Amino acid sequence: MGAFLSSIFGGGGGDAHAASSSAENSRVETFHSSARWQLHFNDIKDSSNLVVIDFSASWCGPCKFIEPAIHAMAENFTDVEFIKIDVDELSDVAKEFEVQAMPTFVLVKKGKEIERVVGAKKDELEKKIQKHRASQS
């Protein structure tokens with residue numbers, strides 16, 4: 001039964017570490033399973049900490065262009081959680097957040113969207129992160 005649940009939730013032996021192994025170097029956590037994402041979102045939805053969800057796609061040029069800046073922001077803003085979701089891999093999550101262009105950055109606090117940046121707008125995203133991480137409302 002445990003192996004069955006692991007296969008559904010993407011957990012188990014080597015896979016359980018796979019989602020966070022890339023985050024060890026960059027602090028940006030990537031989700032490859034809708035079920036794992038839902039479990040994580042349920043865990044953070046009561047938190048007043050800022051969460052930045054980066055909706056991107058592997059074929060998206062602007063997404064690749066801004067990726068180093070996102071990793072740098074994750075290093076600078078250690079009180080902010082950065083999450084990356086591939087819209088092709090988790091299209092149901094992208095639909096839930098009504099993502100229509102890539103990259104889209106959704107800023108979330110207490111499980112609710114508080115701001116959104118559409119496009120590879122590094123300065124705008126950084127300003128909004130700065131604004132919302134400071135206000136712990």
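Trp 37 and Phe 41 are both buried in this predicted model. The two sit four residues apart in helix α3, or roughly one turn of the helix. A search of the whole structure turns up five aromatic pairs, and Trp 37 with Phe 41 makes a tilted one, at 5.3 Å centre to centre and 35 degrees between the planes. Phe 55 and Phe 97 make another: their ring centres are 5.5 Å apart and the planes meet at 45 degrees, so this pair also goes down as tilted. Here the link runs between distant parts of the chain, since Phe 55 belongs to strand β2 while Phe 97 lies in the loop between α5 (91–96) and β4, 42 residues apart. Phe 55 and Phe 97 are both buried too.

In soluble globular proteins, nonpolar side chains tend to be buried together. The largest nonpolar core here has 20 residues, and those with the most contacts inside it are Trp 37, Ile 53, Phe 55, Ile 83, Ile 85 and Phe 97. Helix α3, strands β2 and β3, helix α5 and strand β4 each give two or more residues to this core. Take Ile 85: leaving aside residues up to four places away in sequence, Ile 85 touches Trp 37, Ile 53, Asp 54, Phe 55, Ser 56, Leu 90 and Val 93. There is also a second, separate core of 16 residues, with Val 28, Ile 70, Val 117 and Leu 125 among them.

Now for the sheet behind all this. Five strands make an open sheet in the order β1-β3-β2-β4-β5, with mixed pairing. Strands β1 (28–31) and β5 (112–118) are at the edges with a single partner strand each, which means that one side of each has no neighbour in the sheet. From one strand to the next, the twist averages 25 degrees. The pairing of β1 with β3 (residues 81–86) is parallel and covers four bridges.

Helix α3 (residues 34–44) lies across β1, β2 (51–56), β3 and β4 (104–109), and runs at about 155 degrees to β3. Helix α6 (residues 122–134) packs on the sheet as well, touching β2, β3, β4 and β5, with its direction at about 160 degrees to that of β5.

In space, the C-alpha atoms of Phe 65 and Ala 120 are 7.6 Å apart, although 55 residues separate the two in sequence.

Taken as a whole, the protein has six helices and five strands, which run α-α-β-α-β-α-β-α-β-β-α from the N terminus on. Of its 137 residues, 39% count as buried. As for contacts between residues at least 6 apart in sequence, 71% join residues at least 24 apart. The protein exposes about 7,300 Å², and carbon and sulfur atoms supply 53% of that area.

Terms used:
Residues numbered from 1 in each chain as written. Predicted model: local features only at pLDDT ≥ 70, side-chain atom pairs only at ≥ 80, totals over all residues. Heavy atoms only, no water. Pairing = 2+ DSSP bridges. Axes fitted to C-alpha atoms, helices over the stretch in contact; angles between N-to-C directions. Contact = heavy atoms within 4.5 Å. Buried < 20%, exposed > 50% of the residue type's maximum accessible area, 1.4 Å probe, protein only. Areas by Shrake-Rupley, 256 points an atom, 1.4 Å probe, with all protein chains shown as cover. Phe/Tyr/Trp six-rings, centres within 6.5 Å; stacked < 30°, edge-to-face > 60°. Core = buried A, V, L, I, M, F, W, Y, C linked by side-chain atoms within 4.5 Å.
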